[in-house]
Amino acid sequence: MTMAIEGWFALGEDGVALLGTRCAACGTVCFPPRRDLCPNPRCDGDSMEEVTLPRRGRVWSYTNACYPPPAPFVAADPYVPVTLAAVELDEVGIVVLGQVRDLTVNELEVGMELELTSGPLADGPLVWMWRPVQ
Ligand SMILES: [Zn+2]
């Protein structure tokens, strides 16, 4: 299976996990992973360690995309609208955007708990997605 983006998520025995980085000096957590300088403006750290991010979080905001995004996105033909959620991850508190499976925009609410899963994009590569907690 081809990953849509190498190095941003991984498939393990217990499912898909996002790969972030944590600054060894101040503990700031990043996604997408940064491998050089800490993004915290008050920190001079340059040692970012890879961490597996929490697989659950709560909806911070959401929307749907009723028109196909522009290239290089490859849309299904005919286009199927997608639901998108920005989810604040448990423990680390950063917000990660992703497509939502099994829920329409009318079924989402701010604060709803979602968990990470994966699914194929229209042109085949696998990407992380959100779904209701199973
Ligand atoms: Zn730092």
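A strand, in the sense used here, is a DSSP run of E residues, at least two long, and strands are numbered from the N terminus. Keep that in mind as we walk through this model, which is predicted.

Let's start with the big picture. Where do the two meet? Seven residues of domain 1 are in contact with seven residues of domain 2. On the domain 1 side, strand 2 (residues 15–23) gives the most, with four residues. Sorted by class, that side of domain 1 has six nonpolar residues, one polar residue and no charged ones.

There is also a database view of part of this chain. UniProt, in an unreviewed entry, lists residues 50–116 as "domain: ChsH2 C-terminal OB-fold". In the model, that span is 46% strand and 0% helix, and its end C-alpha atoms lie 18 Å apart.

Strand 6 has strand 5 as a partner: the two run antiparallel and are joined by eight bridges. To see one spot in this pairing, find glycine 57, which stands opposite leucine 89 in strand 6. Strand 6 also pairs with strand 7, again in the antiparallel sense, over six bridges. Here you can look for alanine 86, which faces leucine 97 in strand 7. Strands 6 and 7 form a hairpin with five residues between them, and in the turn glutamate 91 has a positive phi of about 70°.

Go back to strand 5 and follow the pairing the other way. Strand 5 pairs with strand 8, antiparallel, over three bridges. Glycine 57 turns up again, standing opposite leucine 114 in strand 8. From there, seven bridges join strand 8 to strand 9, and these two also run antiparallel. Threonine 117 stands opposite methionine 129 in strand 9. Strands 8 and 9 make a hairpin too, with five residues between the strands, and glycine 124 takes a positive phi near 115°.

Let's zoom in on one residue of strand 6. Glutamate 88 lies in this strand, which covers residues 82–89. Is glutamate 88 buried, exposed or partly exposed? It has 16 other C-beta atoms within 10 Å, so it counts as partly exposed; being buried would take 20 or more, and being exposed 12 or fewer. Leaving out residues up to four places away in sequence, glutamate 88 touches Gly57, Arg58, Trp60, Gly93 and Val95.

What about the inside? In soluble globular proteins, nonpolar side chains tend to be buried together. The largest nonpolar core in this model has 16 residues, and those with the most contacts inside it are Leu18, Val59, Ala85, Val87 and Trp130. Strand 5 (56–65), strand 6, strand 7 (95–100), strand 8 (113–120) and strand 9 (126–132) each supply at least two residues of this core. Setting aside its neighbours within four places in sequence, tryptophan 130 is in contact with Ala85, Val87, Gly98, Val100, Leu114 and Leu116.

How values were computed. Residues are numbered from 1 along each chain as its sequence is written. This is a predicted model: local features need pLDDT of at least 70, side-chain atom pairs count only at pLDDT 80 or more; totals for chains, interfaces and linings use all residues. Two residues are in contact if their C-beta atoms, placed from the backbone, lie within 7 Å. Ala, Val, Leu, Ile, Met, Phe, Trp, Tyr, Cys and Pro count as nonpolar, Asp, Glu, Lys and Arg as charged, and the others, Gly among them, as polar. UniProt positions are given in the numbering used here, feature names are shortened, and annotations may be inferred rather than shown by experiment. A nonpolar core is a set of buried Ala, Val, Leu, Ile, Met, Phe, Trp, Tyr and Cys residues joined through C-beta atoms within 7 Å. Two strands pair if DSSP finds at least two bridges between them.
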